[in-house]
Amino acid sequence: MESCRFAGTMLKNSLDATTREHLLQRWLTIDISFRCQIKGLILKTLGSSISEVGHTAAQVIAKIACIEIPRKEWPELLSSLLGNMTQQDQPASLKQATLESLGYICKEISHDDFVQDEVNSVLAAVLEGMNITEQSSVRLAAATALYKALQFTHTNFENEMERNNIMKVVCETARAKEADIRKAAFQCLVFIASTYYKFLEPYMATLFELTANAIDVDEESIAFQAVEFWSCICEEEIKLQDIENRANSRFIEKCMDVLVRMLLETLLKQDEDGIWNLSVAGGRCLGLVARIVGDSIVRFVLPIAVDNLSECDWRSREAGAYALGSILEGPSAEHLSPHLLCFLYLLLDAMEDQNSHVKDTTAWTLTRTFKLLHSTATGFSKISPADLERTIWVLLESIKDSPRIAEKVCGAIYYLAHGYEGFKSRSSVLTPYLADIITSLIATAERTDTKLQSAAYETLNEVVRCSNLPEASQIITQLLSVVMTKLGQGQTTEPQILSSYDRENQALLCGVLQVIIKKLSSTDETKTSIFQAADQIMALLLKDLSTGDLHPSLKPPIFSCFGDVALVIREHFEKYFPDAMSMMHGAVDACAQINDEEMVEYGNQLKRSIFEAYSGILQGLKNSKAELMLPRAPHLLKLIEVVVKDPHRDKRVVRAAVAALGDLADSLGSHSHMKVLFKDIEFFSELLGECRQYEDEQLKETAIWTQGMIDRVCGFGFGSSITRVGYITIVSPPTFPYSSIFSLQNTKNLHLTFFYPLLSPPATTASPTRGHRRSPRNNLPRLWKSVDPRCSIG
């Protein structure tokens, strides 16, 4: 029998292939009579008394079925399998293997491959197998097969009699004595909730009873599925809130009181290893409920959460913090704000808790609190200066904790600083603490944890960006010196012995350097700091690039910095121009050679940073040294052509390429050589036309502006005067009375649009939306935004 199992495994493996097409070709090369012989033998093998042999045969049947059923071959398969389930006195091992085969078939093939009669046959066999009179192994295989078959049963659910039968069998199976069978039945209910929501009204009383009992007293794996059932109901009702004329049964509102209390109980069932468990599922579901019922949930959750935060048991305190954090997205800021100070004090106390789980979840809740209740979007900020002082000192102390906690504290500081952006009367509230915050974040970034390092630097960038420059200029200038010193220290280590952490640190420091340059360049008074430091900045960046063993991850942020420096010091960039261009040309040639799938993401980062460098340099040299760029234009056009020919091009790269193309036309358009150059190339017309069809407004506007610049170079314009001042484009009225729309857009995305009388429609002229450019390194994902505090991150 071992040889039978081994032979079946070998056959299944021979049918495995990387693609369905490859599998099809391999099977069809076998003689048709031999294929029929194989199929007949495999069907007989399903009846083996050894479960492993029958299990392997079921897999082989599914592999063959996924080839032949779409081709309308092997018509006797389903009738043969159904016969195994309906004929009397068939052994349980045969029924189990048959049901496993049906499940595998449903998993392998698509909805289009089954006709309704075949779906009916599969459904009949599966429901027969779930009968209470069958052996446990058969019922489990049947429930598992039903879960895979439910994707095909839309027509069956439309029929009330068939739907009633399906729901009756599933609900009966959810009461089985065996835990694994109950779990499989609840998995079916989860799928039904997400796929067949509109049919559930008649069954909800029974379903509530089943799920409530499972959450209350059943094993955790089954209780978890019961919570997931309600999460699916929530997700469906959230979708329905945004769709008119769709029936919303409002199950959550009808049972909110009992459901919320039930979910709060699940929060106390933590698993100390932090994996996705019942407690995490309960918190997620609670958050979904909050999004549906809004303000109504506060009166149920807030008193219990506040009480729990004061309990002696750490599980209660952690559950209290988790409950608060879970319900913040849903209720209005107006409704939550009166309670903010009350639970802010409790949360700050909890950050000094002796238990790490409590601190970890509390840091996550503080992050969500500042993100949702302390922001310009809500218009609310109830944190007084005294409360702010304590908040900052608690956070700066907590950031010294374990990397997992410190990472979430970084998120809290990020949104605390972000919340003061736009509050003009409070724009300087953070200034007294700015030096200490920056010092703590730099120290945190030096800890040997990659995710914490990224979080600390991104938070540092946001703190700098949201600072009040007139008051903070000295601190930010000092930070510039610190960053350059650290970049210089990185150059003293041999590149070949730099750790991945050190390389990431250097790249992230370049991202911080970009943010500082942008911040200091926003006023004439502070630009002098960039002028004074330009030699040192460029020397550090060029030295890094000239190192033969430089890690590739460092190149994108360095090239982006070139553009930022050029945009500030303008014609003074001339002395760095030859060396910078030499490095950029080498990178352009490298981009053209990237064809490894594993290098695609890096290639996109590199291309985007080169385009950003070109844009900054073109704008910086435009008024007095533009002719320096004339010999370099073909290299830029070569890179743009590489992007055009890339079928997998990234939208952000396309936007940067289009902006650089527009800057090229804008800066060098007065030179006759450029007119010839643009008329000789054709790829840009296709690119710009494609971009104008995108839904991305920034990309669309940039493409329209670029087309206007090229039209002006080629003599298609009508006398409009277009001036680029830093990140602002000013369009003066045309002298011809033709159709056009002219826009003024600044870095805040404020549009002032002027319409002129039209006689005929030439190309539209608009401003690009370059805004504040950020390097790929400065676009790192904020993990604290979306990761549940109780989930381990790989």
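Biologist: What percentage of the 794 residues of the protein count as buried?

Modeller: This is a predicted model, and in it the protein is built from 36 helices and four strands. A residue counts as buried when its relative accessible area is under 20%. By that cut-off, the share of the 794 residues that count as buried is 55%.

Biologist: Which residues have the most contacts inside the largest nonpolar core?

Modeller: In soluble globular proteins, nonpolar side chains tend to be buried together. Here the largest nonpolar core has 263 residues, and its largest share, twelve residues, comes from helix H13 (residues 220-241). Not counting residues up to four places away in sequence, Phe678 touches Leu661, Leu664, Ala665, Phe684, Ile710, Val713 and Cys714. The residues with the most contacts inside this core are Phe562 and Phe678.

Biologist: How many of the 22 residues of H30 are buried?

Modeller: Helix H30 covers residues 600-621, and at 1.5 Å a residue it should span 32 Å, which agrees with the 32 Å between its end C-alpha atoms. H30 is largely enclosed by the rest of the structure, because the number of its 22 residues that are buried is 20.

Biologist: Is Ile405 buried or exposed, and what is its relative accessibility?

Modeller: Ile405 lies in helix H22 (residues 403-419), and its C-alpha is 9.1 Å from that of Thr362, a residue 43 places away in sequence. Leaving aside neighbours within four places in sequence, Ile405 is in contact with Met351, Ser356, Lys359, Asp360, Ala363 and Ser398. Since buried means under 20%, Ile405 counts as buried, with a relative accessibility of 2%.

Biologist: How far apart in space are Ala445 and Ala456, C-alpha to C-alpha?

Modeller: Ala445 is found in helix H23 (residues 431-445), where it is buried with a relative accessible area of 0%. Beyond its neighbours within four places in sequence, Ala445 is in contact with Gln453, Ala456, Tyr457, Tyr501 and Asn505. Although Ala445 and Ala456 are eleven residues apart in sequence, their C-alpha separation is 5.3 Å.

Biologist: How many disulfides does the structure hold?

Modeller: A disulfide would need a pair of cysteine sulfur atoms within 2.5 Å. The cysteines include Cys66, which is buried at 2% relative accessibility, and Cys312, which is exposed with a relative accessible area of 79%. The number of disulfides in the structure is zero.

Biologist: What is the phi of Asp89, and what is that of Arg250?

Modeller: Most residues other than glycine have a negative phi. Asp89 is exposed, with a relative accessible area of 78%, and is placed in the loop between helix H5 (76-86) and helix H6 (92-108). Arg250, in the loop between H13 and helix H14 (251-254), is partly exposed at 40%. Neither is a glycine, yet phi is positive in each, at about 65° for Asp89 and about 55° for Arg250.

How values were computed
Residues numbered from 1 in each chain as written. Predicted model: local features only at pLDDT ≥ 70, side-chain atom pairs only at ≥ 80, totals over all residues. Heavy atoms only, no water. Buried < 20%, exposed > 50% of the residue type's maximum accessible area, 1.4 Å probe, protein only. Helix = DSSP H or I, 4+ residues; strand = E, 2+ residues; numbered from the N terminus. Contact = heavy atoms within 4.5 Å. Core = buried A, V, L, I, M, F, W, Y, C linked by side-chain atoms within 4.5 Å. Expected span 1.5 Å × (residues − 1).
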